[in-house]
Amino acid sequence: MNALHAPILQVDSPPRRAIYSKLINALSDAWTVSQLASSLPSVSVEAIRTTIHLLMGEQFVELVPHMRSMTVRVTDDGADALREILASWGEPPNAAGAEKSS
């Protein structure tokens, strides 16, 4: 993977891990921030919004045209990059309790 404009996207964190996993596990789906927030209650709306904007900057997600709300879908290059990032992180230290920790 090439160097990112926003290297923070490669830094492991529970919110990024949850967002990337959700996007990778539903590649054909299009998402609004509110839809992602509803499906990831342990992740703040602000974390989702910030991550989506950074992913847009890297062209890992693209806007879905003709939608009233900002709606994005993962690009092919984005899917490859997100899989690579998730693979580099491996398993979280406490996978079972990751969502419950503060």
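Predicted model: local features only at pLDDT ≥ 70, side-chain atom pairs only at ≥ 80, totals over all residues.
Visitor: Which residues does helix α4 span, and how far does α4 reach from its first C-alpha to its last?

Guide: Helix α4 covers residues 76-89, 14 residues in total. Its reach from first C-alpha to last is 20 Å, close to the 20 Å expected at 1.5 Å a residue.

Visitor: Which residues of α4 are buried, and why do they line one face of the helix?

Guide: The general idea comes first. An α-helix has 3.6 residues a turn, so residues three or four places apart point the same way. In this helix, the buried residues are Gly78, Ala79, Ala81, Leu82, Ile85, Leu86 and Trp89. Viewed down the axis of α4, they fall within an arc of 170°, so they line one face. On the other side of α4, the exposed residues are Asp76, Asp77, Ala87 and Ser88.

Visitor: Against which elements do the buried residues of α4 pack?

Guide: They pack against α1 (14-24), α3 (45-57) and β2 (72-74).

Visitor: How many residues has the largest nonpolar core, and which element gives the most to it?

Guide: In soluble globular proteins, nonpolar side chains tend to be buried together. Here the largest nonpolar core has 27 residues, and those with the most contacts inside it are Tyr20, Leu23, Ile48 and Leu55. Two or more residues each come from α1, α2 (33-39), α3, β2 and α4. The element giving the most is α4, with six residues.

Visitor: With which residues is Tyr20 in contact, leaving aside neighbours within four places in sequence?

Guide: Tyr20 is in contact with Leu9, Thr51, Leu55, Leu82, Ile85, Leu86 and Trp89, those neighbours being left aside.

Visitor: What follows α4?

Guide: Gly90 follows, and its phi is positive, near 65°.

Definitions and conventions
Residues numbered from 1 in each chain as written. Heavy atoms only, no water. Helix = DSSP H or I, 4+ residues; strand = E, 2+ residues; numbered from the N terminus. Expected span 1.5 Å × (residues − 1). Buried < 20%, exposed > 50% of the residue type's maximum accessible area, 1.4 Å probe, protein only. Arc of directions from axis to C-beta. Contact = heavy atoms within 4.5 Å. Core = buried A, V, L, I, M, F, W, Y, C linked by side-chain atoms within 4.5 Å.
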